[in-house]
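Please view the sequence and the structure first.

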Amino acid sequence: MRRFFRGAFIVWVVLRYGLDELVLSGFDNPLLALLRRVITVGRDLRAPRGQRLREALERLGPIFVKFGQVLSTRRDLMPPDIAEELAHLQERVPPFPSAVAVAIIEKAFGKPLQQVFATFEQTPVASASIAQVHFAQLHDGREVAVKVLRPDMLQVIEKDLGLMRVMAGWVERLSVDGKRLKPRQVVAEFDKYLHDELDLIREASNAAQLRRNMQDLDLVLIPEMHWDWCRTDVLVMQRMKGVPISQVERLRAAGVDIPRVAREGVTIFFTQVFRDGFFHADMHPGNIQVSLAPETFGRLISLDFGIVGTLTPTDKEYLAQNFTAFFRRDYKRVAELHVESGWAPPHTRIDELEAAIRAVCEPYFDRPLKEISLGMVLMRLFQTSRRFQVEIQPQLVLLQKTLLNIEGLGRELDPELDLWSTAKPFLEKWMLEQVGPQRLWQQLKAEAPLYAKLLPALPRLLHDYLQQRPTDLRREVQELVQEQRRTNRLLQGIIYGGVGFVLGLLAMQLFVRVSLW
């Protein structure tokens with residue numbers, strides 16, 4: 001019943017904000033145009049379409065807001081007015097009352113707000129779909145940001161995920177591509193990450209891990225977590241002071257090298273993915289700032305670590321080989337990797353898949369980022385994959401989403417940025433480290449403790465084995481000896497036969513020569 005009422009509410013929101021009219025207006029069919037005029041009779045749809053879409057997503061809840069956030073980074077794939085309006089979802093999600101936030105904080109710490117913070121700003125500085133942030137100061141003088149989870153979020157998300165599971169089941173049963181796209185597994189992946197995002201202790205641990213991973217790169221600042229004041233629904237961290245990366249003109253006026261920032265953003269992304277296998281998976285403009293402080297001028301600031309992606313060593317190696325092959329335009333190797341990994345059926349003809357991939361990718365090389373739409377490339381690859389029955393990998397959905405976010409950010413900062421040439425040297429160096437002597441030495445060092453423990457124990461293990469299995473060992477030795485004897489007799493027969501044959505030939509030669517003489 002809850003799913004039914006939620007579905008009815010979604011239909012009501014669609015009609016209330018005229019999203020049905022927005023969809024139908026994109027078709028030139030006269031019948032659909034007539035249908036659009038009929039269904040809009042009596043409804044006030046004078047508000048701009050972008051505003052109506054944004055308000056509808058806000059009304060539908062956090063999952064739909066996140067969907068709009070992803071769309072807002074793809075200005076090349078949607079009309080400018082809609083993209084501009086959806087961008088406000090990054091910064092203008094309506095906050096919940098500050099009194100509710102204070103009540104959540106006091107309940108989490110079991111003490112009044114004044115005993116936790118010396119000062120606390122009642123007006124939130126940021127409001128997102130999952131939580132909102134207030135600035136505060138601890139009694140020891142440290143400036144902090146306090147993230148407070150929205151109330152009753154679990155129930156809201158469960159309703160939407162239940163509907164998504166039902167729709168995924170319909171798609172899998174009714175669509176020709178249903179099984180190949182694995183919609184239920186994709187929904188399960190989002191289910192996992194959304195529930196992880198509701199646990200702010202997990203977000204704090206994600207931030208701590210990323211901070212350790214990136215501290216030697218000296219390109220990005222990640223806030224320190226104050227663990228004494230971290231709870232499941234309240235997170236207290238170091239306050240970061242920077243300018244949102246979307247305010248390009250303000251950054252340029254301050255003297256920030258915008259193209260350098262764009263290149264460093266790509267470097268950070270590929271480092272997290274291929275070196276660490278642990279990457280920030282929610283890199284929309286609202287979560288990235290640039291520092292203007294003299295000691296860290298121009299460095300990126302990363303925020304909001306509720307969603308992170310992980311890759312296994314197998315995933316990293318496969319993706320790195322794919323990227324490297326793409327950059328080298330080795331489409332045959334790309335096709336072979338698809339078959340070797342099991343993405344494409346084993347009976348796939350490599351030459352046909354190679355030709356299809358070449359037709360999609362070749363037109364996009366040697367162009368600046370402003371002329372390349374990775375979304376268009378992915379869409380054409382998707383259309384090609386249908387022909388070859390290539391399966392979508394749910395574990396890589398977050399990586400694909402993050403890669404699209406990176407492209408959107410790159411286009412905003414530096415339209416001339418060449419994503420391919422920026423990433424190619426990094427990936428080639430990474431591949432060399434995976435197969436070269438440095439990798440061998442690292443593996444030997446990693447296995448050294450095991451070898452050091454195993455080698456002294458080998459004599460004892462061999463002695464125990466011989467004592468525990470004397471009968472079996474005796475039988476095995478006897479069988480081995482008998483087999484060796486048979487082999488020896490066979491070899492002796494072959495040798496004697498060969499020697500006899502040679503002696504016979506010599507005797508025949510001698511007899512013929514004597515007779516002729």
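Predicted model: local features only at pLDDT ≥ 70, side-chain atom pairs only at ≥ 80, totals over all residues.

A search of the whole structure finds 4 aromatic pairs. Phenylalanine 269 and phenylalanine 270 pair edge-to-face, because their ring centres are 5.1 Å apart and their planes stand at 70°, where an angle over 60 degrees counts as edge-to-face. Phenylalanine 270 also pairs with phenylalanine 274, and this pair is stacked, with 5.8 Å from centre to centre and 10° between the planes. Phenylalanine 270 and phenylalanine 274 belong to helix α14 (residues 258-276), and because they are 4 residues apart there, about one helical turn separates them. Both phenylalanine 269 and phenylalanine 270 are buried, and phenylalanine 274 is buried as well.

A ring also takes part in a contact with a charged residue. Arginine 239 lies over the face of phenylalanine 135, 3.8 Å from the ring centre.

**Salt bridges**

Side chains of opposite charge can pair when their charged atoms come close. How many salt bridges does a search of the whole structure find? The search finds 15 salt bridges, including those in the following table.

| Salt bridge | N to O distance |
|---|---|
| Glutamate 58 and arginine 54 | 3.1 Å |
| Arginine 142 and aspartate 140 | 2.7 Å |
| Lysine 147 and glutamate 203 | 2.9 Å |

Arginine 142, which bridges to aspartate 140, is partly exposed at a relative accessible area of 41%. The salt bridge between lysine 147 and glutamate 203 links distant parts of the chain: lysine 147 is in strand β4 and glutamate 203 in helix α12 (residues 200-214), 56 residues apart. Is lysine 147 buried or exposed? Lysine 147 is buried, because its relative accessible area is 9%, and buried means under 20%. Glutamate 203 likewise counts as buried, with 2% relative accessibility. A network of salt bridges links Lys147, Glu203 and Asp304.

Glutamate 58 and arginine 54, by contrast, are both in helix α4 (residues 49-60), and because they are 4 residues apart, they are separated by about one helical turn. Arginine 54 counts as buried, its relative accessibility being 10%.

**Paired strands**

Strand β4, which holds lysine 147, spans residues 143-149 and runs antiparallel to β6, with 5 bridges joining the two. Within this pairing, valine 148 of the chain stands opposite valine 234 in β6. Strand β6 itself covers residues 234-238 and is mostly covered, since 4 of its 5 residues are buried. In a regular strand the side chains alternate between the two faces of the sheet.

**A nonpolar surface patch**

The final feature concerns the surface. Which residues make a nonpolar surface patch of about 350 Å²? Leu454, Leu455, Leu458 and Leu461 make this patch. Leucine 454 is found in helix α21, which comprises residues 437-454.

Technical notes. Residues numbered from 1 in each chain as written. Heavy atoms only, no water. Buried < 20%, exposed > 50% of the residue type's maximum accessible area, 1.4 Å probe, protein only. Pairing = 2+ DSSP bridges. Patch = residues over 30% accessible without salt bridge, like charges linked within 9 Å, V, L, I, M, F, W, Y side chains within 5 Å. Areas by Shrake-Rupley, 256 points an atom, 1.4 Å probe, with all protein chains shown as cover. Salt bridge = Lys/Arg side-chain N within 4 Å of Asp/Glu carboxyl O. Phe/Tyr/Trp six-rings, centres within 6.5 Å; stacked < 30°, edge-to-face > 60°. Lys NZ or Arg CZ within 6 Å of the ring centre and 35° of its normal.
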